[in-house]
Amino acid sequence: MSTRCPPSRWALRRPRRRATGSGQGRERAVQVNGDVSWSRILAGSLTELDVTGYKEFHRVGKRVRYHIHLFRESTGDALGIVDGRRVTSLRTSSTAAIAVRAWAAGRSVRVGVIGSGEEAREGLRALHGALDVTGASVFSPTPANRETYAQSMSAALGIDIQSRDCQEDVLPDADVLYVATSSKGKPFLGLAEIRSIPMVAAVGATQLTDRELRGDVFPDATVVVDAIDAVLGSGDGAEAIEQGWDPQSAVLLGDYLDRPAGDGAARTVFKSIGSVEQDLVLALRLLEAAEDQGRGVLVNPIGSLRLMR
């Protein structure tokens with residue numbers, strides 16, 4: 001599946017929890033935490049595409065499962081169920097790549113990567129597909145993981161990727177820093193560390209308990225977000241707000257794409273926590289492709305119909 005384009009340019013224009021109306025996206029999120037597990041549901045409607053639905057994912061220990069359920073908004077009829085695991089990483093990486101491509105405006109870049117998991121792999125793959133990446137370096141705390149990342153991604157993309165023994169060794173030669181970790185608690189990248197890096201894409205901190213960037217990274221940068229909750233619902237965004245940064249100064253990615261070609265001299269931060277709007281659009285396109293190609297399993301709807309007064 002290509003990650004050259006985001007799931008929908010339309011989906012990047014609508015802030016989360018926006019008032020209802022024709023052609024507008026609406027979204028709500030609920031999370032329930034238990035002693036040994038947690039569950040999260042993101043529900044949304046895209047009237048312009050006549051689709052409504054939700055993404056559900058739950059974790060027990062190290063086991064996480066994702067599902068996306070789609071329905072026709074005008075009738076309520078079930079459209080299908082999509083495995084949401086790949087959708088999550090693809091929409092995150094593709095929207096980040098679109099932001100970086102707009103900023104780069106045709107320039108070649110060298111990428112530094114912090115993290116070596118699935119989000120970090122798909123992120124570099126999407127960047128390589130969207131613009132000219134001349135090389136990369138990677139750091140993650142586990143030596144075996146970063147070595148495997150460097151070797152496998154170098155072979156897959158055909159570029160030189162170096163494994164670095166410490167985070168500081170990734171930063172000096174990076175035009176773009178892609179941060180995709182599962183960091184909890186204390187952030188590990190501040191203005192002092194990344195001041196010289198013109199573009200930072202941070203996608204790993206997606207809850208208030210998650211922190212990758214310190215709050216001082218935000219105030220003097222152009223901050224681009226894929227949804228308003230990227231700054232209101234993440235730990236690093238919350239810290240920036242506590243330190244006096246105005247979240248209203250953030251620019252939605254859809255609006256950023258309408259600006260003139262990016263200014264490489266301006267320090268830019270792309271902050272993402274994802275959006276169910278993106279999930280729903282990509283899942284819808286996957287269902288359409290599956291129908292065209294005869295893939296998937298056709299099942300009868302199990303939800304019974306009730307007629308309300």
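Guide: The dialogue below takes up pockets, then salt bridges, then some surface and backbone features.

Guide: This is a predicted model, in which local features need pLDDT of at least 70 and side-chain atom pairs count only at pLDDT 80 or more, while totals for chains, interfaces and linings use all residues. Residues are numbered from 1 along each chain as its sequence is written, and side-chain values use heavy atoms, with hydrogens and water left out.

Visitor: What volume does the largest pocket have, and which residues lie nearest its centre?

Guide: Rolling a probe the size of a water molecule over the atoms shows where empty space is left. On a 1 Å grid over the protein atoms alone, a pocket is an open set of points where a 1.4 Å probe fits, with protein on both sides within 12 Å along at least five of seven lines, and lining residues have an atom within 4 Å of a point. Grid points are joined across faces, edges and corners, and the volume is the space filled by probe spheres set on them. Here the largest pocket holds about 1,400 Å³. Its lining has 44 residues, and Arg59, Tyr66, Glu119, Thr181 and Ser182 lie nearest the centre.

Visitor: Which elements give two or more residues to the lining of the largest pocket?

Guide: Elements are DSSP runs numbered from the N terminus: helices are H or I with at least four residues, strands are E with at least two. For the largest pocket, they are strand 1 (25-33), strand 2 (37-46), strand 3 (51-60), strand 4 (63-72), helix 1 (84-104) and helix 2 (118-130). Helix 1 gives the most, with five residues.

Visitor: How is the lining of the largest pocket divided by class?

Guide: Ala, Val, Leu, Ile, Met, Phe, Trp, Tyr, Cys and Pro count as nonpolar, Asp, Glu, Lys and Arg as charged, and the others, Gly among them, as polar. The lining of the largest pocket comprises 13 nonpolar, 20 polar and 11 charged residues.

Visitor: What can be said of the second largest pocket?

Guide: Its volume is about 1,100 Å³. Of the 35 residues that line the second largest pocket, Ala78, Leu79, Gly80, Ile81 and Leu287 lie nearest its centre. Strand 4, strand 5 (78-83), helix 1 and helix 8 (276-293) each supply at least two lining residues. By class, this lining has 19 nonpolar, eight polar and eight charged residues.

Visitor: How many salt bridges does the structure hold?

Guide: A salt bridge is a side-chain nitrogen of Lys or Arg within 4 Å of a carboxyl oxygen of Asp or Glu. The structure holds 13 of them. In one, the side chains of Arg86 and Glu122 meet at 2.7 Å, N to O. This pair links distant parts of the chain, with Arg86 in helix 1 and Glu122 in helix 2, 36 residues apart.

Visitor: Which parts of the chain does the salt bridge between Asp236 and Lys271 tie together?

Guide: The closest N and O atoms of Asp236 and Lys271 are 3.2 Å apart. Asp236 lies in helix 6 (residues 235-242) and Lys271 in strand 13 (residues 268-271), so the pair ties together parts that are 35 residues apart in sequence. Asp236 is buried, with a relative accessible area of 0%, and Lys271 is buried at 0%. Elsewhere, Lys55, Arg91 and Asp279 are linked in a network of salt bridges.

Visitor: Where are Asp50 and Ala105 found, and what is phi in each?

Guide: Asp50, in the loop between strand 2 and strand 3, has phi near 55°, a positive value in a residue other than glycine. Asp50 is partly exposed, at 22% relative accessible area. Ala105 has a positive phi, near 50°, and is placed in the loop between helix 1 and strand 6 (109-114). Its relative accessibility of 36% counts as partly exposed.

Conventions: Buried means under 20% relative accessible area, exposed over 50%, partly exposed in between (1.4 Å probe, protein chains only).
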